[in-house]
Amino acid sequence: MKSGLILLLVYLMLCLPVTMAAEENDLWLLLSSYEDIGITVNDLAFFLVTHGYNAKPVESYVMITFTDGKEVYLTPNGASPRLADLWMTPPTAERGPMQVISSDAIKINITYKKTDNADFIKTINRYQMFPLTPLGMCYDGSQQLHESYKSFGYITIFMYDPSGFDSQGHLWVAVEDKDHAGAWLAVDSYYGVMNEDPYYYTAPYSFADFKYLDSINPKWKTA
C-alpha cells in the first residue's frame with residue numbers, strides 16, 4: 001500500500017508539469033498557425049475563447065488562465081509572425097521599446113579613410129573581373145563581392161546610399177587594407193575599384209552584415 005502511494009505521488013509529480021507545458025505548447029502552436037496584421041486585443045481574446053481558452057482582454061493585453069491556475073499574457077503583434085507575443089508577466093507601458101539592433105551595427109554618415117597602398121589596390125582589383133553584375137544589380141553584386149573578399153580573409157563593409165543612382169539606391173563595399181588598419185578601398189560591383197572617386201568613401205549608411213539593409217529600406221504595403 002505504501003509503495004503504491006509512493007508510485008502515485010511520483011506519477012503526479014511527473015505528469016503535472018508535462019500537462020502544464022502541453023497547454024503552453026498548444027497555445028504557442030495555435031498562435032503560430034495564424035496571422036492577422038489588424039487583430040485587436042478584443043479580437044484576440046474572442047479568437048482564443050472560441051478555441052477553448054479561458055481568455056479575457058485586460059487593457060492592452062489578453063490574459064489566459066490555464067487549468068492549473070497559471071496565468072500567461074498575450075499582446076497582438078501586428079505584422080510580425082504569429083498572432084501575438086507571449087509574456088510570463090503582465091506587459092506594461094513602463095517597459096518601453098526594446099532595442100534589437102546594437103547602436104553601432106549601422107553607422108550613419110561616416111566617411112572612411114581611403115588607402116593609398118598601391119599593392120593592396122592592385123591585389124583587390126585582381127580578384128574579380130568587372131563588371132561583376134549588370135548595371136542596376138548592385139545588391140546582388142555587392143553580396144558577391146563581400147563573400148569573395150571575405151573568403152580571402154579581408155574585412156568588408158557594405159556602404160549604402162538610398163538616393164544614389166537616380167533615387168533607386170546604390171550599394172557597394174569597402175575592403176579594409178590588412179597592412180593599414182582603418183584604411184579602406186571602395187569597390188563597385190559594376191565599375192570595379194573606386195580609388196579616385198571620393199563619393200564612394202562617404203555613405204549615409206554603412207554596415208557589416210547585408211541583413212541590416214532591411215532595417216534601412218522601408219517596406220511599403222498597399223490596401
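The following exercises, each with a worked solution, concern the predicted model shown above.

Residues are numbered from 1 along each chain as its sequence is written.

**Exercise 1. Confidence**

Determine where in the protein chain confidence is lowest and where it is highest.

Solution. Begin with the term: pLDDT is the predictor's confidence in each residue, from 0 to 100. The mean for the protein chain is 87, and 86% of the residues reach 70 or more. Next, consider the elements, where helices (H or I, at least four residues) and strands (E, at least two) are DSSP runs numbered from the N terminus. Confidence is lowest in helix α1 (residues 2–32), with a mean of 62, and highest in strand β9 (residues 183–188), with 98. Over residues 5–20 the pLDDT is below 50, and this stretch has 3 contacts beyond near neighbours in sequence; a contact means heavy atoms within 4.5 Å. Where pLDDT is low, the predicted coordinates should not be read in detail.

**Exercise 2. The chain as a whole**

State how many helices and strands the protein chain has, and what share of its residues counts as buried.

Solution. The protein chain has 5 helices and 11 strands. For burial, the classes are buried (under 20% relative accessible area), exposed (over 50%) and partly exposed (in between), with a 1.4 Å probe and protein chains only. Of the 223 residues, 35% count as buried. Finally, among contacts between residues at least 6 apart in sequence, 54% join residues at least 24 apart.

**Exercise 3. Aromatic pairs**

Explain why the pair of Tyr34 and Phe47 is classed as it is, then treat Tyr127 and Tyr149 likewise.

Solution. Rings of Phe, Tyr and Trp (its six-membered ring) pair if their centres lie within 6.5 Å; planes under 30 degrees apart count as stacked, over 60 as edge-to-face and the rest as tilted. The whole structure holds 14 aromatic pairs. For Tyr34 and Phe47 the centres are 5.1 Å apart and the planes stand at 75°, so the pair is edge-to-face. Tyr34 lies in the loop between α1 and α2 (41–50) and Phe47 in helix α2, so the pair ties together parts 13 residues apart in sequence. Tyr34 is partly exposed at 40%, whereas Phe47 is buried at 16%.

For Tyr127 and Tyr149 the centres are 6.3 Å apart and the planes are at 65°, so this pair is edge-to-face. Tyr127 is partly exposed at 29%, whereas Tyr149 is buried at 0%. Ring pairs link Phe120, Tyr127, Tyr149, Phe152 and Tyr154 into a cluster.

Definitions and conventions. This is a predicted model: local features need pLDDT of at least 70, side-chain atom pairs count only at pLDDT 80 or more; totals for chains, interfaces and linings use all residues. Side-chain values use heavy atoms; hydrogens and water are left out.
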